[in-house]
Amino acid sequence: MTADRHGHLMSDTGAEALGPYEQALDDLLFFRPRVAESTQSVLAAAPRSVMGQTLAAYLGVLGTEEKDAVAARDSFARFRSGLDTAGLTPRERMHLAAATAWLDGDVHGAGRILGDLTIAYPRDVLALFAGHQHDFLTGDAARLRDRVGGALDAWDEDDPHQGPLLGMYAFGLEESGHYERAEEVGLAALARHPGDVWGIHSVVHTYEMRGRFTDGIRFLDARTDDWSQGSLLTVHNWWHYALYTLEAGDTARVLEIYDSALHHDGSAAVAMQLLDAAALLWRLYLAQDEQSARWARLADAWENRDDGPHYAFNDAHAVMAYVGSGRVAQAQRLVHDRERWVAAEPRGSNRAMTAEIGLPVCRALIAYGQHDYGRATDLLLPVRHRLHQFGGSHAQRDAIQRTLVEAALRAGRTELARTLLSERIQLRPICPYNWSAKARLEEQLGDPVGAAAARERAAAQRRSG
């Protein structure tokens, strides 16, 4: 039995596997595409390594790819079938339990085990990373913040992995509304590792949530070489760049980014990237910018995947693509498939996420595409404060929140639209979209002076950033 660099004992992991294991953890923390290859190097050197097998299992679920999760579940089951757990360390048994729960569909159960693991072993970087991503995928902002925050006191400042932990903590702070503190911590992470793409991503979110889109563009432009290519977050960070550009009113540049970075002939047809493409095009769709050719290509990519019920958040974005491309029948087929699955499936985290949030959202998106704005409003209104329960970030879920605003406006629900826009403006006073929507509301209410003032406010914000 050997020990990793933090002193954790590792069963069936000889000295020849330690180097590859540490490399795989480093690749994981910095979102390098070679992490899968590094993990296989661990297993090639030590096929019965519990921590190597567990790392491979986590990789199978973190990308929200159904086929990867199925393959990982089968592989992990084969590994566990002949495993004598009596000789394993308590930490390894906890990792086995967490990975098994996640692969079996009990995502929230896995998160709880990972939480217990971090309390007992706060310097277990794999438990922290997997737990942090779990909290993001389940939309749990408090745990996203506190899981890492509760462990940081056990880390030395000169530990090379403390930097990426700070980047993770910054994202948890941001999603919990501590924007200034999140920016401070994120920049501290980048001072240690300028190429920490998750740390960059965390700071980018703080600018997004405060309407500082010009600052966000400057920040990303100054660090282009650190984030714009070669990482598993490249497309997502380009999505953030496009959101800033959209707020600035430069639709032509938004489409340039979409075509060059988000979705093109060479794009990987992975859910996380298709999700970003759909979320960007949907914002244009809400602004009555149809983009039919781009929607058609994106809908083809979603349809070719033929996903089963695996992650409700992905389903909603597939439906966006089907609705945006005019394939309402395909969107309805997806909804009917998930309805049948929910009726037959007795348990599992995604069942609850689908039944309680995913299906109402998908039905609302279809209603919106059919111009049944009243129904879209009625479907979204009861879940608008619970959208986090099916995952994603505030910035990602804002596409759905904007759908509710637009549906209320188009349904003539002026009192509701006023309330929704007041909420948004009080929370984020610098946001050209909010003021443009308010201008349309004032026009509906017959107040041309108020509409003109709101339009000027939006224009001024676009000019100044």
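Let me start with His240. Its relative accessibility is 0%, and the cut-off for buried is under 20%, so His240 counts as buried. Keep in mind that this is a predicted model. The residue sits in helix H14.

What is His240 in contact with, once its neighbours within four places in sequence are left aside? The partners are His201, Val204, His205 and Ala395. With one of these, His205, there is a polar contact between side chains, at 3.1 Å. Tyr207 is 33 residues from His240 in sequence, and the C-alpha to C-alpha distance between the two is 9.9 Å.

Next, the nonpolar core. As general background, nonpolar side chains in soluble globular proteins tend to be buried together. Here the largest nonpolar core has 149 residues. Those with the most contacts inside it are Tyr58, Trp102, Leu262, Trp282, Leu298, Val361 and Phe390. H16 provides the largest share of this core, with 11 residues. There is also a second, separate core of 5 residues, among them Ile425, Trp435, Ala439 and Ala458.

Let me take Trp282 as an example from the largest core. Beyond its neighbours within four places in sequence, Trp282 is in contact with Trp295, Met320, Val323, Gly324, Leu365, Tyr368, Ala399 and Thr403.

The largest pocket has a volume of about 990 Å³. Its lining is made up of 39 residues, and Leu59, Leu62, Gly63, Asp68 and Leu232 are the ones that lie nearest the centre. Which helix gives the most to that lining? H3 does, with 6 residues. Other helices that each supply at least two residues include H1, running 15-29, H4, running 66-81, H14, running 234-247, and H16, running 271-286. By class, the lining divides into 23 nonpolar, 12 polar and 4 charged residues.

The second largest pocket holds about 640 Å³ of space. Here 27 residues form the lining, with Arg384, His394, Asp398, Gln401 and Leu427 nearest the centre. Two or more residues each come from H7, H8 (141-149), H22 (394-410) and H23 (414-427). H22 gives the largest share, 6 residues. The classes here are 10 nonpolar, 7 polar and 10 charged.

The largest cavity contains about 50 Å³ of space. Its lining consists of Asp4, Arg5, His6, His8, Tyr21, Glu22, Leu25, Arg91, Arg123, Asp124, Val125 and Leu126.

To recap: His240 is buried, the largest nonpolar core has 149 residues, and the largest pocket has a volume of about 990 Å³. That is what I have for today.

Note on methods
Residues numbered from 1 in each chain as written. Predicted model: local features only at pLDDT ≥ 70, side-chain atom pairs only at ≥ 80, totals over all residues. Heavy atoms only, no water. 1 Å grid on protein atoms, 1.4 Å probe; cavity = no way out; pocket = protein on both sides within 12 Å on 5 of 7 lines; lining within 4 Å. Points joined across faces, edges and corners; volume = space filled by probe spheres on them. Helix = DSSP H or I, 4+ residues; strand = E, 2+ residues; numbered from the N terminus. Nonpolar A, V, L, I, M, F, W, Y, C, P; charged D, E, K, R; others polar. Core = buried A, V, L, I, M, F, W, Y, C linked by side-chain atoms within 4.5 Å. Buried < 20%, exposed > 50% of the residue type's maximum accessible area, 1.4 Å probe, protein only. Contact = heavy atoms within 4.5 Å. Polar contact = N/O pair within 3.5 Å; in protein donor to acceptor, adjacent residues only side chain to side chain.
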